[in-house]
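Here is a short report on one protein model. Look through the sequence and the structure first, then read on.

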Amino acid sequence: GPIQVDAVVTVVPLEAAAATPVVHAAAAADAPTGSPSFSQLFLREVFQQLLLASVVLAVVVAGTLVGVGTGGEWGPISGAAVGLVLGVLAARVISRRRAG
């Protein structure tokens with residue numbers, strides 16, 4: 001379905017020339033360069049979200065390893081939980097700084 005208005009964080013206008021694929025090499029030299037295409041914007045956003053998820057995963061793994069080092073039955077689980085909270089907070093800060 002359509003995207004809800006409150007889900008939109010940033011609006012980037014696209015030029016019609018950027019959305020049209022260029023077939024010939026001679027036409028590529030004459031093509032105007034301006035805004036990125038939708039595919040470039042989409043892939044950039046996907047990779048940025050993937051990077052944020054990787055940051056969260058790395059902090060969870062680090063928290064788990066610290067929990068294993070402390071020993072005890074609940075060490076790894078509590079370390080992973082603390083790592084998850086810290087990772088999500090770090091990802092939110094990075095995401096808001098990037099959008100803001």
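G75 sits in helix α4. The model is a predicted one. With a relative accessible area of 7%, G75 is buried. The cut-off for that word is under 20%. The C-alpha atom of G75 is 7.7 Å from the C-alpha atom of T64. Along the chain, G75 and T64 are eleven residues apart.

G79 is also part of helix α4. Is G79 buried or exposed? G79 has a relative accessible area of 12%, so this glycine counts as buried. Between the C-alpha atoms of G79 and L65 there are 7.4 Å. In the chain, 14 residues separate G79 and L65.

## Overall build

How many helices and strands does the protein have? The answer is four helices and zero strands. In sequence order the pattern reads α-α-α-α.

The protein has 100 residues, and 12% of them count as buried. G75 belongs to the buried residues, at 7% relative accessible area. G79 does too, at 12%.

## The largest pocket

The largest pocket has a volume of about 760 Å³. Two elements, α3 and α4 (75-99), each give two or more residues to its lining.

Helix α3 supplies the largest share of the lining, with eight residues.

## A nonpolar patch on the surface

Six residues make up a nonpolar patch on the surface: F38, F42, L43, V46, F47 and L50. Together they have about 630 Å² of accessible area. One of them, L50, lies in helix α3, which covers residues 38-70.

F38 has 58% relative accessibility, so F38 counts as exposed. The cut-off for exposed is over 50%. F42 falls in the partly exposed class, because its relative accessible area is 47%.

## One aromatic pair

A pair of aromatic rings is described by two values: the distance of the centres and the angle of the planes. How many aromatic pairs are counted here? The count is one. The pair is F38 and F42, with ring centres 6.1 Å apart and planes at 20 degrees, so the rings are stacked. Stacked calls for planes under 30 degrees apart.

Where do the two partners sit along the helix? F38 and F42 are four residues apart in helix α3, so about one helical turn separates them. Both also belong to the nonpolar patch on the surface.

Note on methods
Residues numbered from 1 in each chain as written. Predicted model: local features only at pLDDT ≥ 70, side-chain atom pairs only at ≥ 80, totals over all residues. Heavy atoms only, no water. Patch = residues over 30% accessible without salt bridge, like charges linked within 9 Å, V, L, I, M, F, W, Y side chains within 5 Å. Areas by Shrake-Rupley, 256 points an atom, 1.4 Å probe, with all protein chains shown as cover. Salt bridge = Lys/Arg side-chain N within 4 Å of Asp/Glu carboxyl O. Phe/Tyr/Trp six-rings, centres within 6.5 Å; stacked < 30°, edge-to-face > 60°. Buried < 20%, exposed > 50% of the residue type's maximum accessible area, 1.4 Å probe, protein only. 1 Å grid on protein atoms, 1.4 Å probe; cavity = no way out; pocket = protein on both sides within 12 Å on 5 of 7 lines; lining within 4 Å. Points joined across faces, edges and corners; volume = space filled by probe spheres on them.
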